[in-house]
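Student: Please take a close look at the pockets and the cavity of this model. I would like the linings described in one connected account.

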Amino acid sequence: MGCAIDKDAQLELRAPSKDKETLRCVMITRRLLVASSITALSLPALAQTWPAKPIRIIVPFPPGQSTDILARVMADQLTKALGQQVIAENRPGAGGSIGADAAAKAAPDGYTLLMVTISTHGIAPAIYPKLPYDAQKDFAPIANIGLTPQVLMASLKSGIISVPELIAKAKAGADLNYGSSGNGSASHLAVEMLKSAAGIKLTHVPFKGNADALMALQSGDIQLLSDAVPGAVGPINTGKVKAIGIADQRRSPFLPDVPTIAEQGVEGVVAVGWIGLSAPARTPEPILDRLSAEVMKILKEPEVLEKLKSLAFVPAKESRQEFEAYIAIENTKWRKIVQDAGVKIE
């Protein structure tokens, strides 16, 4: 048995040699307990004086995307609510993992927050076994901000106008291809979920992004494509593609005439994108509670609701505990989809 100790502690050891090792460990344990007590006492004090300086919200994606836009809305509103400058800081790269890792390793003092998404905290843990962060253990959820489901679309040339018709064609042996924004993306896994639930075969054709996949759908090069409502609503409303099903338990207010996939007889196909706010794990509870309460208030502001609407997002309004439970459910769900479909990232 070995137990390191400093010189001051060694001076205090006067026991027989056979007991010295035990005493060394006892003294170190006492010192650790004292240190822990000091830390515990400092947390309430930190929470009482917080915020005393600017706060940064790390955005793990490039400027201009929905996550970035919502981060800047939150930053502006939190600046007003907290009386300290809140700044959105873009740290893109590696599908969001660079920014998420930076936030996970930041001091848990309430001065670094992270915009978390279905990509960084839902699908990535299922796809990448060696992520530099743990989506659940390394973060303290604050609030879910916005939700947007996937919508399944068909090429006009395919003649498919509903989910039952798609299933009938697939079971009759039709050669049907579906596109996605890339292997392991939400648009990919949403269709894998449908394939499993409906018991059909479809061929996956990955593209470099949603824009390329959408062009292929409009030209008829592929027959099917799933995309989040913000990217799909334009082509759908202009009649360039046919929306055949919403991957959610309820219809989208932005596409109210499009039935859910469940309404058409296939249960369990729920693929909803989300964007929320988290902090590093071990951030003091009073700070997390304050932030969560402020975000709940912000999500009632008319200008914020209008911004969410312009992005085709529905406000989530989930408490800290609800958001934490939601992330856990998402992790379990996507791991199963990835495993069942045999999806692997080369």
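Tutor: What follows covers the pockets first, then the cavity.

This is a predicted model, in which local features need pLDDT of at least 70, side-chain atom pairs count only at pLDDT 80 or more, and totals for chains, interfaces and linings use all residues. Residues are numbered from 1 along each chain as its sequence is written, and side-chain values use heavy atoms, with hydrogens and water left out.

The largest pocket has a volume of about 910 Å³. Its lining consists of 32 residues, and Gln65, Ile118, Ser119, Ala186 and Asn210 are the closest to its centre. Two or more lining residues come from each of α3 (66–82), α5 (118–127), β4 (139–154), α7 (186–198), β7 (224–228), α9 (229–237) and β9 (272–280). The largest share, five residues, belongs to α5. By class, this lining has 14 nonpolar, 17 polar and one charged residues.

Some terms apply throughout. On a 1 Å grid over the protein atoms alone, a pocket is an open set of points with protein on both sides within 12 Å along at least five of seven lines, a cavity is a set of points where a 1.4 Å probe fits but cannot get out, and lining residues have an atom within 4 Å of a point. Grid points are joined across faces, edges and corners, and a volume is the space filled by probe spheres set on the points. Helices (H or I, at least four residues) and strands (E, at least two) are DSSP runs numbered from the N terminus. Ala, Val, Leu, Ile, Met, Phe, Trp, Tyr, Cys and Pro count as nonpolar, Asp, Glu, Lys and Arg as charged, and the others, Gly among them, as polar.

The second largest pocket holds about 340 Å³ of space. Of its 20 lining residues, Leu147, Asp248, Gln249, Arg250 and Val272 lie nearest the centre. At least two lining residues each come from β4, β10 (314–318) and α12 (320–341), and α12 gives the most, with four. This lining divides into 12 nonpolar, three polar and five charged residues.

The largest cavity contains about 50 Å³. It is lined by Gln150, Val151, Leu152, Ala190, Val191, Leu194, Ser226, Ala247, Ile261 and Val269. The elements that give two or more residues to this lining are β4 and α7. Eight of the cavity's lining residues are nonpolar, two are polar and none is charged.
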